[in-house]
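Trainee: I have a model on screen and some questions about its packing. Can we go through them one by one?

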Amino acid sequence: MAEGTLTTTIRKMVFKAEPYLPQVPKPKKKIPLPTRLLWCGIALLIYMIMGQTPLFGATAPQFDFLAFARVIFASQQGTLVELGIGPIVTAGLLMQLLRGSDILKFDFKKPEERGIFQTATKMVTYVVIVAESIVYAAAVYGPGVTDAYVLYVIIGQLMAASIIIMFLDELIQKGWGLGSGISLFIMAGVAQQILWSMFSPLPAGDGGMIGIIPYIVQSLTGSGDITNILFRSNQLPSIFGLFLTAGILLILVFTQGMKIEIPIVSTKYRGFSAVYPIKLMYVSNIPVILASALTANAVFIFQMLWANMNPRNNNFFMNFIAQFDPTSPNTPIGGIIYYITPPRGLDVAALDPMRAVGYVLFMIGIVVVFGRLWVELGGLSPKSAAQNLLDADVQIPGFRRSNKPVEALLNKYIPSVTIIGSMILGLLAGVSDVLGVFGSGIGILLMVDILINYYTQLVREQVEVVMPRLGALLGRK
């Protein structure tokens, strides 16, 4: 590789910086599954405690600039997890995009190459943590701070909390836990929202309780309005939302199991045969995450521009892009932003059905675009998949062991399932957000995908415990 390329520069930086970077050591031997689950519980408990610990010196901001990304970033406003997993996700996506577009060239079949890439990602994460902490603290909490040192304290808290979250994720990923900390924190945040919508005993604006189960009990005992159970105003949890949430969960579980199976045989082990599954949800939830992150960033940027340039909605050019309600600055009331943010709840959607339809169509379109993009940049294209099969010492019966015929076969399926799967994901996410499912539509999509991945990992772990030789065959130690 020629000197002076970005990859070579990053290698040199990693070699110089790695001895000074604090890291979680890998376990010397494989830890039993119960112990790994215990470590997951400890990491999750720490994260949840941080999510209930307020930022020292911070006052309630006028805007919630991350309101549309709270589910994706597993964050809580005004707490130590204000930024959540945002810096980790941002740095990880940036590095994956650079590698997927061949700007960075690393051979992941070599452990040392994978290690360099992971260390480089960690270094980028530190940079993103510092940048996001400074910018966010200055933009959100800076206007309400009178003493400069208080702002420095808030920035320090955001940095320290984000670094702790990074280490919790690293702890789980390196084998002390199961899966990844990012997935665990997102799943816990969405599950918390769903449980809160179902069982919260706190009073709501309609005279009842927030949770739909306590509200039903309250209505049946005569102290509530039983006619308001099916649909509740002000986006409060309702029976309709409960059944809709259950229905979306069933649809997602069903579609996750739909796949095309291509038979494969091993060229290394005689008699070994299996199938190569191409799932309907081939691109998983990555396009939805990217689309949501893009929308959240657009809202964040234009909300800041509106607050500084158009707080009275009297600028013609800015009104075309974004208008917000001066009495409720997190509520868009016009411009492009109005149509790319969801009207959450039937009562809100009924006021402007065209906005609801426009948002659903926008979600379908943008998720399809990001789905196609991620297939190419994320190493999921027919060409990459064919090369991965050949590198795994397997072949498809009836096809020559070379890239072209295998790529031609995969090309019949992968582009089609990418578009169809992305359309289904965009439709489910859009409709769920408009109709008001518990935990938000995007949150439900993420939670189901994460739960299925955890179920698959648990089954694999149990199989390896029962049949340890299978683990050796799969290359596990």
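Trainee: Is Tyr-141 buried or exposed?

Mentor: Keep in mind that this is a predicted model: local features need pLDDT of at least 70, side-chain atom pairs count only at pLDDT 80 or more, and totals for chains, interfaces and linings use all residues. Residues are numbered from 1 along each chain as its sequence is written, and side-chain values use heavy atoms, with hydrogens and water left out. Buried means under 20% relative accessible area, exposed over 50%, partly exposed in between (1.4 Å probe, protein chains only). Tyr-141 has 2% relative accessibility, so Tyr-141 is buried.

Trainee: How do the rings of Tyr-136 and Tyr-141 pair?

Mentor: Rings of Phe, Tyr and Trp (its six-membered ring) pair if their centres lie within 6.5 Å; planes under 30 degrees apart count as stacked, over 60 as edge-to-face and the rest as tilted. The structure holds 5 aromatic pairs. In this one the centres are 6.4 Å apart and the planes stand at 65 degrees, so the pair of Tyr-136 and Tyr-141 is edge-to-face.

Trainee: How are α6 and α7 oriented to each other?

Mentor: Helices are DSSP runs (H or I, at least four residues), strands likewise (E, at least two), numbered from the N terminus. Axes are lines fitted to C-alpha atoms, for helices over the stretch in contact, and angles run from 0 to 180 degrees between N-to-C directions. The axes of α6 (residues 148-176) and α7 (residues 181-199) come within 7 Å and cross at roughly 110 degrees. Angles under 35 degrees count as roughly parallel, over 145 as roughly antiparallel, 65 to 115 as roughly perpendicular and the rest as oblique, so α6 and α7 are roughly perpendicular.

Trainee: Which residues of α7 meet α6?

Mentor: Contact means heavy atoms within 4.5 Å. From α6 come Ile-165, Leu-168, Asp-169 and Ile-172. Their counterparts in α7 are Gly-181, Ile-182, Leu-184 and Phe-185.

Trainee: What is the orientation of α9 to α17?

Mentor: Helix α9 (residues 239-256) packs on helix α17 (residues 414-435) with axes 11 Å apart. The angle is about 170 degrees. That makes α9 and α17 roughly antiparallel.

Trainee: Which residue in β2 is the bridge partner of Glu-261?

Mentor: Two strands pair if DSSP finds at least two bridges between them. Strands β1 (residues 259-266) and β2 (residues 273-279) run antiparallel, joined by 7 bridges. The partner of Glu-261 is Pro-277.
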